[in-house]
Amino acid sequence: MSNTNSSAYLRFLNLIDAIDRIAPGKKLDHTEESLLNTIVLSFQAKKSVLVGDLISLSALGSQATLHGRLKTLSAMGYIKMAANEDGRKKEVIPTKLALKRYEELSKCLEKAVKAAG
């Protein structure tokens, strides 16, 4: 890896760290970030994602762990859960706060790349 690419990435990580320190609330752990990434990517692709889909992602943890992390993301205001058409399953939807987080991450990435260029 060249110094330019690694320094841009390191600058990006530093910018994210600064946002996390400034932003109120708890920093997301790896599992929460992975779940939120999956939720937002599905939302952007206009695909619904259900609680059951997310808690079956065994690579991220046990069903109990993932269910707990979804509750945490909901309590932090990043996701909301709504009953689907038949009312038996819950669809997970990112909130404006979650989408704003990704806008901020995009700004950090753009800033880091511009500074490296």
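# Reading a predicted chain

Q: Which pattern does the chain follow when read along the sequence?
A: The model is predicted. It holds five helices and two strands. Read along the sequence, the pattern is α-α-α-α-β-β-α.

Q: What does the C-alpha trace span along its principal axes?
A: The chain has 117 residues. Along the principal axes, its C-alpha trace spans about 50 × 30 × 25 Å.

Q: What percentage of the residues in the chain is buried?
A: A residue counts as buried when its relative accessible area is under 20%. The chain has 117 residues, and the buried share of them is 29%.

Q: What share of the accessible surface belongs to carbon and sulfur atoms?
A: Start with the total. The accessible surface of the chain comes to about 7800 Å². Carbon and sulfur atoms account for 55%.

Q: How far apart are the mean positions of the positive and negative charges?
A: The chain carries 18 positive and 12 negative charges. Take the mean position of each set.

Q: What distance separates the end C-alpha atoms of helix 5?
A: Helix 5 runs over residues 96-116, which is 21 residues. At 1.5 Å a residue, it should span 30 Å. The model agrees, with its end C-alpha atoms apart by 30 Å.

Q: Is Arg 101 buried or exposed?
A: Arg 101 sits in helix 5. It touches Asp 20, Leu 28, Glu 33, Leu 36 and Tyr 78, leaving out residues up to four places away in sequence. Its relative accessible area is 16%, and the cut-off is under 20%, so Arg 101 is buried.

Q: What separation do the C-alpha atoms of Leu 15 and Ala 112 have?
A: Leu 15 lies in helix 1, residues 3-22. It touches Cys 108, Lys 111 and Ala 112, not counting residues up to four places away in sequence. Leu 15 and Ala 112 are 97 residues apart along the chain, yet their C-alpha atoms are separated by 7.9 Å.

Q: Is Ala 18 buried, partly exposed or exposed?
A: Ala 18 is another residue of helix 1. Its relative accessibility is 24%. Buried needs under 20% and exposed needs over 50%, so Ala 18 is partly exposed.

Q: Which helices and strands do the buried residues of helix 2 pack against?
A: Helix 2 covers residues 30-44. Its buried residues are Thr 31, Glu 32, Ser 34, Leu 35, Leu 36, Ile 39, Val 40 and Ser 42. They pack against helix 3, helix 4, strand 1, strand 2 and helix 5.

Q: What is the value of phi near at Lys 46?
A: Lys 46 is in the loop between helix 2 and helix 3. At 77% relative accessibility, it counts as exposed. Its phi is positive, in a residue other than glycine, and is near 60°.

How values were computed. Residues numbered from 1 in each chain as written. Predicted model: local features only at pLDDT ≥ 70, side-chain atom pairs only at ≥ 80, totals over all residues. Heavy atoms only, no water. Helix = DSSP H or I, 4+ residues; strand = E, 2+ residues; numbered from the N terminus. Buried < 20%, exposed > 50% of the residue type's maximum accessible area, 1.4 Å probe, protein only. Areas by Shrake-Rupley, 256 points an atom, 1.4 Å probe, with all protein chains shown as cover. Lys, Arg positive; Asp, Glu negative; His and termini not counted. Charge placed at Lys NZ, Arg CZ, Asp CG, Glu CD. Expected span 1.5 Å × (residues − 1). Contact = heavy atoms within 4.5 Å.
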